[in-house]
Amino acid sequence: MNSHSYTVAGMAHKSSCTLNLETDEEMVCTGYLVHKTKKIFVTFFTFLSLGILQLVFYWKKDWRIYCTCSMCPLRKAEILLIKNKFGEFFIENIKIVMLSTSVDTLLGKPSLEADTEAGPGGDAQSTISEDEIDVDESQVLIHSENSSENSCKLVYFEHRKVKYVWNKEKQAFHPLTSYDVATPALSTFYTKLKGLPEDEQKNKQLIYGENDIYVEVKSYKQLFIEEILNPFYMFQVFSCGLWFVEHYIFYAVCIIVISAVSLTISLYETHKQAVTLRDMVAHTSKVKILKSNESLCEVDSQELVPGDLLIIPANGCMMSCDAVLVSGNCIVNESMLTGESVPVTKTPLPNPPDSNKDVDYSPEIHKRHTLFCGTKLIQTRHYGNEKVKAVVLRTGFSSTKGQLIRSILFPKPIGFKFYKDALKFIGALFAISAIGIVYTIFVLIKDGAHVFDIIVKALDIITIAVPPALPAAMTVGTVYAQNRLKAAKIFCISPQRINVCGKLKLFCFDKTGTLTEDGLDMLGVVPVLDDHFLPLLEHADELSRGPFLSCMATCHSLTIIDGIISGDPLDLKMFEATKWLLQEQGKDKVDNMMPTIVKPTTADTYINSDSQTPYEIGIVRQFPFSSSLQRMSVITRTLGAPNMDVYMKGAPEMVVSMCNKTTVPSKFHEELHVYTEKGLRVIGLAWRPLDPKLSWHHAHKISRSEVENDLQFLGLLILQNMLKPETTPIIHLLREADIRTVMVTGDNVLTATSVARDCGMIEPNSKIIHVCASPPSENVQACIEWTESDATTGGGYTLNSKADSIQLKTFTEDIPCSKYNFALTGKSFAVIKNHFQDLMPKIVQRGTVFARMSPDQKVQLVEELQALGYSVGMCGDGANDCGALKAAHAGISLSEAEASVASPFTSQIANISCVPKLIREGRASLVTSFGVFKYMALYSLIQYISVTILYWINSNLSDKQFLYADLAITTTVAILMSYNGPYPGLVTKRPPGSLLSPVILISIIIQIFIQATCQATAYGLLFTQSWFTPLQPSEDVNDNLKCAENSAVFLTSCYQYFFVAAAFSKGPPYRTPLHSNIFFLLSLVAMFCFTTFMLFWRKEIALLSSFFLLEQLAPEHFTFCLMLFMLIIVNAIATFSVECIIGKESFKTLIRSLRRKRKSKNLYKLIEKEIREDKNWPPIKKRVTLNSVCGQSRGLLISYDECLCATVAVYTSTSE
């Protein structure tokens, strides 16, 4: 939406701004002022419409603003109309808070970069740049606000638990941020943030509000009002009121009772879920903070504000905010946020002594120094009398936990096509009812009916054509699926995503802990001696005492919890292989300044034979492992040694890059390749002694970069990560179902590729092409090289900005285009995304292994796949996969926690067997939703046809007849029809996702024709009978109910209801067969028998004549009943035959050919077709210019709106 503007004296006054640009929370805010005249008119029309106008405004919030307010510049606005990227409207009021100090002093003046790059909870973007505001205009706009009073005024609004504050300089709102976005230098946390003065803390409490993640639990009264004002319930209120007027009292009362029960259950479940969520996230406690005068103060955790200096208790606690650790160590359980229960060690934020080397704080980069809200601090450790301290970063809903809770409270609309089509179809039913209204009015006027009767019967057509129970009936299948998933230990916090799982086309998997076992088996070590590798040594404890063994014993983040060594499984295996002891000095502090000590198991081991000093190594400081850095290191001190040492372990390539090249064997890559191609986990080790002058205090302040350099390479640690027994069969099952599988992991690319081959992601006869992309440097342009897995030469693109061309290297042999898969690292992925974005669709289309991927890159990969049109699933253990799990259409976290907020689905069974279960349930639920919707649509139209036929003779169905059709038949069908479970197998074809697809529409249209023809024929048969005397209608419609016409039409329609239900209850290949649903089958048989009883019973009984007001035909006209039954049998055969024919693949193929569909709507199909047709890509044995590449891709360019025509621009801009 473009910003509106007003021009006054040549100055632009912005009336709207865009926030959170290019994010899911992007929204346009437009300013409005209340218009008194408009409000008076609205009040008048509200009384005139008996309040209906306010009901419309309740549904259409933007209409309320348009009718009661006038647009104005944002700086003058009292009310904001907010429109998000999904087309939803919200109204927020502008609020003002007076502070005792200038707002700029408390918040600082956000930089342009902060305003234009930040997003929700810290990433706001504004479409208003500083260039758009003239200098003179700025002075005019803020002239009146230069006074001390206005400078202390905080103008803001709150939307979905996020505060947006007014920026006077830019004349726009931006999200209220803290140190997580202002990104102060790391040294700032030590030099300036030493506690807040009393006055500043009180002002910040006014700005940031209470540090409380409060989930509002609405009262039952409030929930009832909101629910009853829903269009669905208002339609029911309208329907029941109309039925009371028509004296359909029994039916109306039944509907009211059923609706009341449904509403009560709904309110109870909604209230219960809100209470559960509130209790799950609610947390308050007493905490201690350090004031600016260094006094210690105990306050409630709700009073914490960004900048407070928090004292972490020695016995641990539950974190109530996000805070960065500035002193001491913490052992933290982050399972609440990540789903992974392995304790994590948090260390103090680096405090560089040299300010020139200072860097900005980043929550992602420095997460190993950040304590996140909602995590459990198990243990803390400090040195001497120094306390464990942390600076508060974010509070309330701005914290990490708060943002996760926001995503639950305000979920992103799924945008599933089925739901959109359902609304369109309901709209079509309303259109049909409009035709019926015209027909009814015409017929009743012809018969001379009273005006009141005409109005009532015309409106009654709406309640017949549009079934009030439709929305409720469609949710039944999802409820059954959710219960079945729960029984399979798969828990769901977003039920609407179950149907989406039925359309999944691609599944991404993490490797370690997901495809492979969590635990690692130590295979051995490969030490380095004199610039060459020694043979693999299986038992590491047989190594002689030295740096290699010391590195294995110390370079970890293990800790003792309740007497048991706990930590990362890799660290545990590595340490256990040394057979050393680990001791911690005291529970919470260390008097001898060594927090953790490791030593050999033999107590009489000394430094040397002449010394009585025990051989013990103390871990002085940890630089924790980071997935982005791909390494960890420790500073240690050996008892009696003159100096400290630094030990490092991590990805071999990363470790080697930080080693002295003279210490790295010349055959390093060959040796690494030997182990990684077998799928083994390889860890590199390195070491160097530190300067003897390095003191203990300096060791705790020295930067990581100062110690992680010029290391001596020690060798390799070889571990085996076995595939889980369920992995290979499940991957083969998914591939057979044509569900593409992709591995996205933080492990080595060769290891990941080997695992992909072993589990079947990559077929045995498929070639693997490693995509290696290098960023541009001073003299070298950005380039991409393609190397076949077992080849010695490679081929690739080299970006040349001067010649504006792509120079090509070549492969040694041709590669069949249909038999290759790409494997690439996170580094290459980043280069391609930044410099070769036009090639990204092809890369991800054929990419199977994405290794060394950071958490952010995993999210980017999921989004790239979604951009190609894939419905993407993601399965991970929750550790580094949280972002990708939430970004995917269906994310499954393998976690022991029942309600992990890391993803929509959580499986307590820690293997990927949950994936086909979820897909099968999704497919069954989706097909069920289609069947129920089609049935409800046909049920309403069958009844619509019956009523329109009877209206012609001024008759109708009786109250009890409506009751039998709507309750006994339809309600039973809607509940039991959805009970079918998923079919055991997975087929290649996915179920349809659109109600408006030709096959579905043809089915519905033909079925309507069949049922209408059958009812019309039944009605017409009466006129062929010599005994039949047409009804002579009286003015009172109740006297016209009991007649032969009514009996013929009613009985025919009853059979049609359950015949259609049975025909629409699809079985294999997505659901179990009809006969497996015993209750549904028995109900159909019972309804068939009772309806047949009504048709053929030859004695007059009060149940039929008095209760149903049904004229029994069998006692006197049994032959006609047989004719009617034969017609019904023909109707049933036609109904089932149509569904059988339409369900066949040959019919669907015929429809596709008749439609002459030239292009697929799915972008990934177009790209795959282009790849298959382009025999020269990847580049093989020839050289092409940039223009040639564009020309060769012409087919693909045309296929998706020439989106690759930007190739030249991309290459040019990236080269610059």
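1. Nine strands, in the order E25-E24-E35-E34-E33-E32-E31-E30-E28, make up an open sheet with antiparallel pairing; strands here are DSSP runs of E of at least two residues, helices are runs of H or I of at least four, and both are numbered from the N terminus, while two strands pair if DSSP finds at least two bridges between them. Strand E25 (532–533) and strand E28 (580–584) stand at the edges with a single partner strand each, so one side of each has no neighbour in the sheet. Helix H23 (residues 668–676) packs on this sheet and touches strand E24 (521–529), E25, strand E34 (680–689) and strand E35 (712–720), contact meaning heavy atoms within 4.5 Å. The direction of H23 makes about 145° with that of E34, where axes are lines fitted to C-alpha atoms, for helices over the stretch in contact, and angles run from 0 to 180 degrees between N-to-C directions.

2. The model is predicted, so local features need pLDDT of at least 70 and side-chain atom pairs count only at pLDDT 80 or more, whereas totals for chains, interfaces and linings use all residues. Residues are numbered from 1 along each chain as its sequence is written, and side-chain values use heavy atoms, with hydrogens and water left out.

3. Aromatic pairs number 42, counting rings of Phe, Tyr and Trp (its six-membered ring) with centres within 6.5 Å, and calling planes under 30 degrees apart stacked, over 60 edge-to-face and the rest tilted. The ring centres of Phe668 and Phe713 are 5.7 Å apart and the planes stand at 90°, so this pair is edge-to-face. It links distant parts of the chain, since Phe668 belongs to helix H23 and Phe713 to strand E35, 45 residues apart.

4. The second largest pocket has a volume of about 990 Å³. On a 1 Å grid over the protein atoms alone, a pocket is an open set of points with protein on both sides within 12 Å along at least five of seven lines, a cavity is a set where a 1.4 Å probe fits but cannot get out, and lining residues have an atom within 4 Å of a point; grid points are joined across faces, edges and corners, and a volume is the space filled by probe spheres set on the points. Of the 26 lining residues of this pocket, Glu653, His669, Val749, Cys772 and Thr825 are the closest to its centre. Elements giving two or more residues include H23 and helix H27 (749–759), and strand E37 gives the largest share, 5 residues.

5. There are 8 cavities of 30 Å³ or more, and the second largest cavity holds about 140 Å³ of space. Among its 15 lining residues, Asn329, Arg381, Pro595, Thr596 and Gln622 lie nearest the centre, and E31 supplies the largest share of the lining, 4 residues.

6. A further open sheet, of 6 strands with antiparallel pairing, has the order E13-E12-E14-E21-E16-E19. Its edge strands, strand E13 (296–300) and strand E19 (370–371), each pair on one side only. Strand E16 (residues 322–327) pairs with E19 over 2 bridges, and Val324 stands opposite Thr370 in E19.

7. Two backbone details deserve a check. The peptide bond from Pro1068 to Pro1069 is cis, with omega near 10°, and Pro1069 lies in the loop between helix H35 (1044–1064) and helix H36 (1078–1096). Gln171 has a positive phi, near 55°, although it is not a glycine.
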